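Here are my notes on this assembly, point by point. Please read them with the model open.

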There are 4 protein chains.
Amino acid sequence: MKVNGVTIDDTYAEAFPVYASRVLITAATTALAETAALVATGFATSVIGCSAEAGIDRYVLPNETPDGRPGVMIMVVHPSKKQVKSNLVERVSECVLTAATTAVFNGLDSEETVPVKIHYFGDGYEYQTSVGGRSVWAIPILEGDFICEETYGVQKGVAGGNFFIYGDSQGSALLAAQAAVDAIKSVEGTITPFPGGIVASGSKVGCPTYSTFMKASTHHRLAPTLREKVPDSYVPEGVKSIYEIVICGLNEEVITEAMKRGMLAATHAAGIMVISAGNYGGELGPFKFHLHEILREYADNE
Amino acid sequence: MKVNGVTIDDTYAEAFPVYASRVLITAATTALAETAALVATGFATSVIGCSAEAGIDRYVLPNETPDGRPGVMIMVVHPSKKQVKSNLVERVSECVLTAATTAVFNGLDSEETVPVKIHYFGDGYEYQTSVGGRSVWAIPILEGDFICEETYGVQKGVAGGNFFIYGDSQGSALLAAQAAVDAIKSVEGTITPFPGGIVASGSKVGCPTYSTFMKASTHHRLAPTLREKVPDSYVPEGVKSIYEIVICGLNEEVITEAMKRGMLAATHAAGIMVISAGNYGGELGPFKFHLHEILREYADNE
Amino acid sequence: MKVNGVTIDDTYAEAFPVYASRVLITAATTALAETAALVATGFATSVIGCSAEAGIDRYVLPNETPDGRPGVMIMVVHPSKKQVKSNLVERVSECVLTAATTAVFNGLDSEETVPVKIHYFGDGYEYQTSVGGRSVWAIPILEGDFICEETYGVQKGVAGGNFFIYGDSQGSALLAAQAAVDAIKSVEGTITPFPGGIVASGSKVGCPTYSTFMKASTHHRLAPTLREKVPDSYVPEGVKSIYEIVICGLNEEVITEAMKRGMLAATHAAGIMVISAGNYGGELGPFKFHLHEILREYADNE
Amino acid sequence: MKVNGVTIDDTYAEAFPVYASRVLITAATTALAETAALVATGFATSVIGCSAEAGIDRYVLPNETPDGRPGVMIMVVHPSKKQVKSNLVERVSECVLTAATTAVFNGLDSEETVPVKIHYFGDGYEYQTSVGGRSVWAIPILEGDFICEETYGVQKGVAGGNFFIYGDSQGSALLAAQAAVDAIKSVEGTITPFPGGIVASGSKVGCPTYSTFMKASTHHRLAPTLREKVPDSYVPEGVKSIYEIVICGLNEEVITEAMKRGMLAATHAAGIMVISAGNYGGELGPFKFHLHEILREYADNE
């Protein structure tokens, strides 16, 4: 199957279940909310080596927030609900409470919630009040009063949605990956947790050469510079560089939509030869996103 | 003492010793290096709740880097040398190896070094080569070959350099704080690890009201909204908002220079009434930075 | 009338008719489209001294553009239709045709159109083709083929929608103005043509002191530093700084909506005392936007 | 000659004389100064269709500016001294006087000066004062007092310094061009006036097909998509995209340095095949910048 002249591999992305929470950070300006959001979701690309996977979900207009100020919605996911909670506590305490002009509100309307008891930082000077119809804590700090909600929604979500973009040069693949991320930003309920939303170094499970101390290693069959050196390379002739886009989201529907928009944007970029996806034969998780199903309606007429 | 009409408190900033390392991240463009640097130094504002304190030290020109590409120098500090090492390993593995077009080089010429053995990710496909006269590893990954050095300098440094900016409104204090951070960026060997370089919520040691489970709490005597409510407030009349600038650096000299440039920039901002600093009477650490000594040559003539 | 505790002056903004066109700039990434858009709409704050008033209307998703790439919609307005046309020709030729990876499409579905015959630059090597169902020209240039439509919609619009934000400090007024601009960005069909969307220096018609060569001059009755020096100052006690937001748009409805969202955002900022607007007693133009009408439903209960 | 494996054409860039002025824009923060600078230097890519060529020269630290605030230095050039003056008057009046928190100072120490009499906008309320040892005007405006110098240095300069980057894909050529611009930013006294510093559409003098109304047209011999269609194409086999970097500067030395740093950065990028330059056989101007002379010391050993 081809879409806009780009070959779509007949494969699927395999994803796994996580717990997901969202925090709405508001601030005096969008730029200030963004600064806090970037720091709070930093060092959170993969649960393999980070305490969580996190990122910016979307920008929220002043007329949509409880305090009438501009906002940025962040999402934090992890397979363990307890770990989601501890990440919320630490990331909000260290990176949002400390950030200029910010306030934080629950960003997820869900059945389950986790407590984020930052208000004890107030040492008894904190007090309860109401903002935009929500019960919040006000903590007197150096810049003024910090406003925060105490409970945050948590629900089951999906991590590891993905696709690969194969380009005829690193520049081609990179521009296509950036366009894909630009497209995915519009899908509410999703994040792309890697730097700039893009992964330069895909992994395989296991590391045969250093199996005693490494659990994962470079996906050598997808490494273009090894194409002539390994007998079982997946890299087609002419492909010089591959980027992966990894997506976490609140449910399968938003992952599907994000993959669709992201892949379509990549097919419109120059120098893209193939779009594929990563899976582990079903061993990683229960969610399968088949590329041909997602893109069928956009297939080129043969 | 006054500088440009702003009262400078006769006090000192108290700082503590850490170990510091620097990593030079290069990329195809400055913007791509910056993206990796921001993610790699995220969630690293304070060692109280983060795994390290980290930030961008400076932007490095293409003609100054081993591979002739634009670069961004990041710094990572922690009281424990072992923790510095583990942070380098994790933050580079998760946030730079995965970032588009990046390479990493040692950024500190020091006697001691720590190993950062990312190359095992290559599963035996990695190989040693030379870039700009440095011995490096090349790891075949999806986008091409990732280049990294294996050993990184580490040396004793200083964390917790600081000063406070007292403004007649939150906006006044914030603009002055941003100008201070802009000024500090020019001092090589320093970082300001909080979001945007600015701290909105200063702490005191201990939390009398919730002493059983909180070790630190809001510095209530510096909270402007508590001025009329606590008997021992430090907040002068007319001060509506205070921001703190926290600085880590390679040595006392660069902290001093950063404090000087930052405080001077703040005195040139509109609506600033006082500049002060935080200390714990010598219990926190051995380094003292006296504001009057640092700014003496700039004092207004009475 | 007060909204969120901020006094809303019982006055109106006076605006004047213009012709308006829109150009959709697409590019390989949103960032590249934005770069072209900013340069193409530069030096276009006021028709008093610039060739047009121009700005970014909105960011357009890849799935909404003719070529499936990310885009930025710009708007160009001027009282003269001929001047709109010449601005489109010059600004697109000099600032978009020359910008990396861009294409341009008509962004306005209107009865009238103006021709923008950039394709002659192709020296006969240009050719007609179709992109996303639109008939376009392809011009071979250094980076590849530049795609452009030939006719662009033009319609009557409104310029000079405005409101003033009075703050207790420059920082307070500025943060509120930035929040207002953040809010207005969401209103499709509007632009805020001044730097950052904000005007620091409002004008009055005429210049009594230098009447022989100046047609406009500082609005001295709104200058906070002249409050004690001129007998007829409009500046209330305690107001230290005022910013004006100027809005151009496709019709009165979008100007009204933009003013509403902008003013509401400003009322939620700290340190704002009054919101007002500028008019010339009906001599400037036929459009009147009464602040009390626009904000009536949000008025505080007395 | 090759540098880092990239062929350097044995040719020269041809440039022409202009007059140049510089304006130092300071503001409460670097970001605010940058906003004003970008708008003031917008729509100024080429004197063929714009009123001037303009851009950001460099960022200026707070301790280097007359008012102790962060700054951005812009440069404006034009073959006519009178046109330089009128551009300063209009661009500063419309785009800096109106921008939040800005002040303007002369940025060029030269023998000749031009007057920029913005202070008449003060309608007699303006007054002379001194900032950082400079005599300035203070004009009461809505945000407070706007500070500006009255005379600005102007000197002879050079426009049209240039080089071409030939890539194996559009993405490769673009990343190299961006790296080149990143490198050139460090050379004080230079600007790259096109969008993002990069030109996508090089011109030739004349337009044979439409000679009656077009004076310039696409440089068809450098258009990669015409390589097979024109008999005299300059495009080597395998080159898919070309970008030009155009540089204006205060003198030949800074242009040479900027070309050197820019070309070197481009040679370190992936997928670059040739670096060349544009000239008109000496008909355009008296300045010649020979690529082999500039890069001789960096030539690869054969």
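Predicted model: local features only at pLDDT ≥ 70, side-chain atom pairs only at ≥ 80, totals over all residues.

1. Start at helix 3 of chain A and helix 3 of chain D. A:G171, A:S172, A:L174 and A:L175 meet D:G171, D:S172, D:L174 and D:L175 there.

2. How do the two helices cross? The axes of helix 3 (residues 170–184) of chain A and helix 3 (residues 170–184) of chain D come within 6 Å. They cross at roughly 85 degrees. Helix 3 of chain A is therefore roughly perpendicular to helix 3 of chain D.

3. Next, chains B and C. Nine residues of chain C are in contact with nine residues of chain B. On the side of chain C that touches chain B, three residues are nonpolar, five are polar and one is charged.

4. Now the contact between chains A and B. Chain B gives 66 residues and chain A gives 66 residues. Several elements of chain B supply two or more residues to its side, including helix 1 (30–40), helix 2 (81–95) and helix 3 (170–184). Strands contribute as well, among them strand 9 (134–141), strand 10 (144–148) and strand 15 (241–249). By class, the side of chain B that touches chain A has 36 nonpolar, 23 polar and seven charged residues.

5. Finally, the single chain. Chain A has five helices and 17 strands. Its radius of gyration is 21 Å, close to the 19 Å that the globule rule gives for 302 residues, so chain A is as compact as a globular protein of that length. The C-alpha trace of chain A spans about 65 × 50 × 35 Å along its principal axes.

6. Two figures describe the packing of chain A. Of its 302 residues, 65% are buried. Take the contacts in chain A between residues at least 6 apart in sequence: 74% of them join residues at least 24 apart.

Conventions. Residues numbered from 1 in each chain as written. Chains lettered and ligands numbered in written order. Contact = placed C-beta atoms within 7 Å. Helix = DSSP H or I, 4+ residues; strand = E, 2+ residues; numbered from the N terminus. Nonpolar A, V, L, I, M, F, W, Y, C, P; charged D, E, K, R; others polar. Axes fitted to C-alpha atoms, helices over the stretch in contact; angles between N-to-C directions. Parallel < 35°, antiparallel > 145°, perpendicular 65-115°, else oblique. Rg over C-alpha atoms; globule rule 2.2 N^0.38 Å. Buried ≥ 20, exposed ≤ 12 C-beta atoms within 10 Å, placed from the backbone.
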